[in-house]
Amino acid sequence: MDTANINDPRSVEAIYPRAAFEEDVRRNAQDKTTVQHGLKLLAAPDAEGRFRLTRANRHVGEVEDGHHVVLLCPQLPQGEYAHFVQDDTDYGGPVEQRDPPTDTEDPYRAFIADVIRTARATPPLPPIPAERLQGFRGG
């Protein structure tokens with residue numbers, strides 16, 4: 001787990017370099033993937049803008065409770081899907097277009113901006129209810 005700052009995108013890039021982003025995008029784009037890969041925000045930013053961040057994964061069947069962590073999974077940008085069209089032959093399947101559309105936005109930079117935007121919008125953790133702090137703790 002590392003600390004990033006909402007005022008410094010390079011701090012997020014140091015934790016999650018472009019190579020890691022591209023690896024996770026490829027994993028998340030697989031047809032029948034059962035695990036999502038990305039970044040987990042472990043806490044809301046403090047007064048100086050610092051927040052905890054780590055690489056993580058989650059099974060697609062897990063439910064995010066929204067109280068303790070936020071998992072952000074990079075996906076292929078919509079422009080990537082536009083590079084392919086459905087083949088009209090009997091064989092079917094997508095084929096690459098001769099002149100695919102050009103995508104002007106860098107998907108990595110857009111994802112880093114999304115991480116920072118999400119961190120800014122993440123509320124502080126609610127206090128643990130007193131009844132959860134009582135009782136048997138194992139032993």
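These are my notebook entries on what I looked up in this structure.

**Entry 1: ground rules**

I am working with a predicted model, where local features need pLDDT of at least 70, side-chain atom pairs count only at pLDDT 80 or more, and totals for chains, interfaces and linings use all residues. Residues are numbered from 1 along each chain as its sequence is written, and side-chain values use heavy atoms, with hydrogens and water left out.

**Entry 2: the overall layout**

I began with the secondary structure. The protein has 4 helices and 6 strands. Helices (H or I, at least four residues) and strands (E, at least two) are DSSP runs, numbered from the N terminus. Along the sequence I read the pattern β-α-α-β-β-β-α-β-β-α.

Next I looked up burial. Buried means under 20% relative accessible area, exposed means over 50%, and partly exposed lies in between (1.4 Å probe, protein chains only). The protein has 139 residues, and 27% of them count as buried.

Then I checked contacts, meaning heavy atoms within 4.5 Å. I took the contacts between residues at least 6 apart in sequence; 63% of these join residues at least 24 apart.

**Entry 3: the sheet**

In which order do the 4 strands of the open sheet stand? I noted β1-β3-β2-β4, with antiparallel pairing. Two strands pair if DSSP finds at least two bridges between them. β1 (2–5) and β4 stand at the edges. Each has a single partner strand, so one side of each is left without a neighbour in the sheet. The twist averages 45 degrees from one strand to the next. For such angles, axes are lines fitted to C-alpha atoms, for helices over the stretch in contact, and angles run from 0 to 180 degrees between N-to-C directions.

I then went through two of the pairings. β1 and β3 pair in the antiparallel sense over 4 bridges. Here Asp2 stands opposite Leu53 in β3. Helix α2 packs on the sheet and touches β2 and β3. The direction of α2 makes about 140 degrees with that of β2. β2 and β3 also pair in the antiparallel sense, over 7 bridges. Gln36 stands opposite Arg58 in β3.

**Entry 4: helix α4**

The 15 residues of α4 should span 21 Å. The end C-alpha atoms of α4 are 21 Å apart, which agrees.

Which residues of α4 are buried? I listed Tyr108, Phe111, Ile112, Val115, Ile116, Thr118 and Ala119. Seen down the axis of α4, the buried residues fall within an arc of 160 degrees, so they line one face of the helix. The arc is that of the directions from the helix axis to the C-beta atoms.

What do the buried residues of α4 pack against? They pack against α1 (9–15), α2, β2 (35–41), β3 (50–59) and β4 (70–72). On the other side of α4, Arg117, Arg120 and Ala121 are exposed.

**Entry 5: salt bridges**

A salt bridge is a side-chain nitrogen of Lys or Arg within 4 Å of a carboxyl oxygen of Asp or Glu. How many salt bridges does a search of the whole structure find? It finds 8. I looked at some of them.

Arg18 forms a salt bridge with Asp106, and the closest N and O atoms are 2.7 Å apart. This pair links distant parts of the chain, 88 residues apart. Arg18 is in helix α2 (residues 18–28), while Asp106 is in the loop between β6 (94–96) and α4. Arg18 is partly exposed at 32% relative accessibility. Asp106 is partly exposed too, at 26%.

Arg10 forms a salt bridge with Asp8, with the closest N and O atoms 3.7 Å apart. Arg10 counts as exposed because its relative accessibility is 62%. Asp8 is partly exposed, at 26%.

Arg50 and Glu48 meet through their side chains in a salt bridge of 3.2 Å, N to O. Arg50 is partly exposed at 39%, and Glu48 is partly exposed at 47%. Asp46, Glu48 and Arg50 are linked in a network of salt bridges.

**Entry 6: Pro124**

Last, I found Pro124 in the segment after α4 (107–121). Is Pro124 buried or exposed? Pro124 counts as exposed, because its relative accessibility is 66%. Pro124 and Asp46 are 78 residues apart in sequence. In space they are 8.6 Å apart, C-alpha to C-alpha.

How values were computed
The expected span of a helix is 1.5 Å times one less than its number of residues.
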